[in-house]
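Colleague: Could you take one part of this structure and go through it closely? I am new to it, so please give the cut-off behind each term as you use it.

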Amino acid sequence: MASPQGSRAPLEFGGPLGAAALMLLLPATMFHLLLVVRSGPARLLGPPPYLPGLQVLWSPRMLLLWLTWLGLQAALYLLPARKVAEGQELKDKSRLLYPINGFQALMLTALLVGLAVLAGLPLGALPEMLLPLAFAATFTTFIFSLFLYLKALVAPASALAPGGNSGNPIYDFFLGRELNPRVWSFDFKYFCELRPGLIGWVLINLAMLMQEAELRGSPSLAMWLVNGFQLLYVGDALWHEEAVLTTMDITHDGFGFMLAFGDLAWVPFTYSLQAQFLLHHPQPLGLPVASVICLINAVGYYIFRGANSQKNTFRKNPSDPRVADLETIPTATGRQLLVSGWWGMVRHPNYLGDLIMALAWSLPCGVSHLLPYFYLLYFTALLVHREARDEQQCLQKYGLAWHEYCRRVPYRILPYIY
Ligand SMILES: NC(=O)C1=CN([C@@H]2O[C@H](COP(=O)(O)OP(=O)(O)OC[C@H]3O[C@@H](n4cnc5c(N)ncnc54)[C@H](OP(=O)(O)O)[C@@H]3O)[C@@H](O)[C@H]2O)C=CC1
Ligand SMILES: CC(C)CCC[C@@H](C)[C@H]1CC=C2C3=C(CC[C@@]21C)[C@@]1(C)CC[C@H](O)C(C)(C)[C@@H]1CC3
């Protein structure tokens with residue numbers, strides 16, 4: 001049995017109590033959003049219109065549909081990849097290999113769904129299935145997380161994540177014990193982070209668009225914008241798939257309920273909230289306002305992509321001509337920290353770009369309701385918390401050099417404000 005080698009890591013997310021609360025709160029919030037978004041008042045902070053019984057939530061057909069979706073994405077993951085990338089160096093000095101075929105999976109899914117719609121698949125019926133589908137996703141996530149927890153019991157100590165091995169079963173179940181759980185070469189965390197949830201999200205958006213076209217003759221401009229912006233975000237993530245290998249989720253966090261639920265249920269069913277809102281609460285949007293919103297999204301994307309690509313290029317090869325002229329701080333680990341370019345503006349320029357895009361995704365829904373701004377509010381909280389976690393990890397990794405970086409780049413996310 002693996003030893004709880006990370007037992008001295010400080011507890012995060014409020015420890016076992018916080019983890020238990022989040023395991024109840026997160027699914028409850030997701031179902032609350034799914035219920036209120038289709039209600040007349042659509043009040044984020046109001047009560048749900050009704051409490052669905054098990055006969056509404058539980059459907060073996062929806063469970064089968066959900067498992068088929070996971071199976072399809074798993075099959076696409078196993079197809080030959082255009083490239084196989086190496087992950088970051090692990091504790092035992094080895095590196096894992098990852099297939100880079102996420103964009104191909106998105107394209108093939110689009111092709112298959114297109115053919116299925118031509119053959120009569122009623123994609124517009126998906127909006128009515130969201131509640132039982134989300135329930136199936138949540139149910140399978142609990143089972144899957146249990147499997148991951150048990151699997152970690154027989155994993156070697158070197159395979160465990162720095163957190164998530166406190167010895168408290170609730171906390172460890174939530175945070176995840178094993179860093180890169182795999183069966184043969186199938187990497188569960190990498191697969192879940194980018195495939196079924198992200199592609200499912202844009203598919204749900206598309207279903208909202210098709211249903212709106214069926215109900216109102218054509219999709220609204222607001223619906224086009226939300227679909228377009230979020231498709232760009234998901235397409236970008238899959239196009240730059242290799243970059244996910246350096247994110248905190250892959251390099252630091254274990255794979256447990258938090259990420260499994262986040263990836264498989266939370267992302268598709270709550271990130272599609274704006275499109276769901278627009279289906280049930282159509283909003284007029286004129287071309288001038290739409291153009292301003294497009295500009296906001298473009299600025300956000302420019303910062304997000306610029307910052308992420310600059311860091312990824314630099315981490316891969318610091319002498320790459322695109323980053324070789326940037327100013328850096330040396331650290332005791334031999335790695336350097338960028339201190340000019342995007343990373344000289346604030347310490348998390350990529351978060352800033354992501355947040356600006358989040359604003360642009362909500363604006364097409366107008367300002368009459370708070371509900372479509374849920375993503376912006378949740379995401380701000382997530383990134384502020386994530387930034388604090390990352391700072392802690394960087395301080396541990398880089399010590400004095402990190403202090404120097406903070407001195408030279410004093411703002412975290414928003415210049416002159418935060
Ligand atoms: N839509 C969503 O729900 C979510 C989106 N995201 C997005 O995911 C992306 C990745 O975010 P995340 O994984 O949190 O973290 P980052 O991509 O910001 O990576 C943080 C790491 O970058 C390195 N780093 C920090 N400062 C510097 C510097 N000055 N020079 C060079 N390297 C530096 C450090 O790692 P090291 O030195 O070891 O390389 C640090 O740990 C972001 O764009 C974020 O917005 C994140 C969460 C949720
Ligand atoms: C709900 C819980 C409290 C927390 C769950 C968090 C997860 C939903 C997110 C943690 C990090 C994520 C990333 C993306 C999606 C959301 C989750 C899984 C990401 C794949 C989105 C697309 C981006 O381009 C990215 C940089 C690849 C993102 C990586 C992190």
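Modeller: Helix α11 gives the largest share of the shell around ligand 2, four residues. Helices here are DSSP runs (H or I, at least four residues; strands are E, at least two), numbered from the N terminus. This is a predicted model, in which local features need pLDDT of at least 70 and side-chain atom pairs count only at pLDDT 80 or more, while totals for chains, interfaces and linings use all residues. Residues are numbered from 1 along each chain as its sequence is written, chains are lettered from A and ligands numbered from 1 in the order in which they are written, and side-chain values use heavy atoms, with hydrogens and water left out.

The shell has 15 residues, of which E193, A237, D249, D263 and F304 come nearest to ligand 2; a residue is near if one of its heavy atoms lies within 4 Å. Taken alone, ligand 2 exposes 630 Å², and the protein buries 86% of that; such areas come from the Shrake-Rupley method with a 1.4 Å probe, and for residues only the protein chains shown count as cover. Two or more shell residues come from each of α7 (188-194), α9 (221-239), α11 (257-270) and α15 (374-398). By class the shell holds 10 nonpolar, one polar and four charged residues, where Ala, Val, Leu, Ile, Met, Phe, Trp, Tyr, Cys and Pro are nonpolar, Asp, Glu, Lys and Arg are charged, and the others, Gly among them, are polar.

D253 lies in the loop between α10 (248-251) and α11. At 5% relative accessibility, D253 is buried (under 20% relative accessible area; exposed is over 50%, partly exposed in between, with a 1.4 Å probe and protein chains only). Leaving aside neighbours within four places in sequence, D253 is in contact (heavy atoms within 4.5 Å) with A161, L179, K189, M248, M258, L259 and R389. K189 is 64 residues away from D253 along the chain, with 9.9 Å between their C-alpha atoms.

Q393 sits in α15 and is also buried, at 14% relative accessible area. Not counting residues up to four places away, Q393 touches M248 and H252.
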